Amino acid sequence: RLVRHVSSVAALYNSVISTFYLHKMDVLMSLCCFPDFLSSLWALVYTEHSASSKTLARNLVQETTEDPFVPLLLLFCSCFGQYIIVMSDTELYDLQQPFTLKQLCLIGDFVNSALFNVLWNHS
């Protein structure tokens, strides 16, 4: 039930970002300013789909609205992509905030696998 509510909010933010493209950076960075926002969003996606990014990738390709994790992953990738650009080396390597280096490797593996499956299944 919590995932469905958070997914609806994520879908709303995804719509806002695509509709008001000129304000995309402002919206994404304001979301990232909330403590633990990115890590909580990642935890929701990863705990459900850690075993198989293929399922999530299939749902991305089919553009199904039934998988509540698709809007969560899309919002996470948008926010994280913007946030990683403005992070300092100190935050990333020394403080390891908002993710540890191990978590960054998990994120990279998961997103890489999901993207590979999207491209492989879509062609």
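Start by selecting Asp36, which lies in the loop between H2 and H3; helices here are DSSP runs of H or I with at least four residues, strands are runs of E with at least two, and both are numbered from the N terminus. The model is predicted, so local features need pLDDT of at least 70 and side-chain atom pairs count only at pLDDT 80 or more, while totals for chains, interfaces and linings use all residues. Residues are numbered from 1 along each chain as its sequence is written, and side-chain values use heavy atoms, with hydrogens and water left out.

Asp36 is not a glycine, yet its phi is positive, near 65°. Its relative accessible area of 54% makes Asp36 exposed (buried means under 20% relative accessible area, exposed over 50%, partly exposed in between, with a 1.4 Å probe and protein chains only).

Now show the whole chain as a cartoon. The protein chain has 7 helices and 0 strands, in the order α-α-α-α-α-α-α along the sequence. Of its 123 residues, 33% count as buried. Contact means heavy atoms within 4.5 Å. Among contacts between residues at least 6 apart in sequence, 68% join residues at least 24 apart.

Next, select helix H2 (residues 24-32) and helix H5 (residues 69-86). Their axes come within 9 Å and cross at roughly 85°; axes are lines fitted to C-alpha atoms, for helices over the stretch in contact, and angles run from 0 to 180 degrees between N-to-C directions. H2 and H5 are therefore roughly perpendicular (65 to 115 degrees; under 35 counts as roughly parallel, over 145 as roughly antiparallel and the rest as oblique). On the H2 side, show Met25, Leu28, Met29, Leu31 and Cys32; they meet Leu75, Ser78, Cys79, Gln82, Tyr83 and Val86 in H5. The residues of this contact divide into 9 nonpolar, 2 polar and no charged (Ala, Val, Leu, Ile, Met, Phe, Trp, Tyr, Cys and Pro count as nonpolar, Asp, Glu, Lys and Arg as charged, and the others, Gly among them, as polar).

Stay on H5 and colour by burial. Buried residues there include Phe69, Leu72, Phe76, Phe80 and Tyr83. Then select Ser7, placed in helix H1 (residues 2-19). Ser7 is buried at a relative accessible area of 7%. Leaving aside neighbours within four places in sequence, Ser7 is in contact with Pro68, Pro71 and Leu72.

Turn to the rings. The whole structure has 7 aromatic pairs; rings of Phe, Tyr and Trp (its six-membered ring) pair if their centres lie within 6.5 Å, with planes under 30 degrees apart counted as stacked, over 60 as edge-to-face and the rest as tilted. Select Trp42 and Phe110: the ring centres are 5.5 Å apart and the planes stand at 80°, so the pair is edge-to-face. Trp42 is in helix H3 (residues 37-49) and Phe110 in helix H7 (residues 101-122), 68 residues apart. Trp42 is buried at 5% relative accessible area, and Phe110 is buried at 5%.

Phe76 and Phe99 form another edge-to-face pair, 6.1 Å centre to centre with 80° between the planes. Phe76 lies in H5 and Phe99 in the loop between H6 (89-95) and H7, so the pair ties together parts 23 residues apart in sequence. Ring pairs link Trp42, Tyr46, Phe76, Phe80, Phe99 and Phe110 into a cluster.

Finish in the loop between H6 and H7, where Gln96 is placed. Gln96 has a positive phi of about 50° although it is not a glycine, and Gln96 is partly exposed at 26%. In this loop also lies Pro98, joined to Gln97 by a cis peptide bond with omega about 0°.
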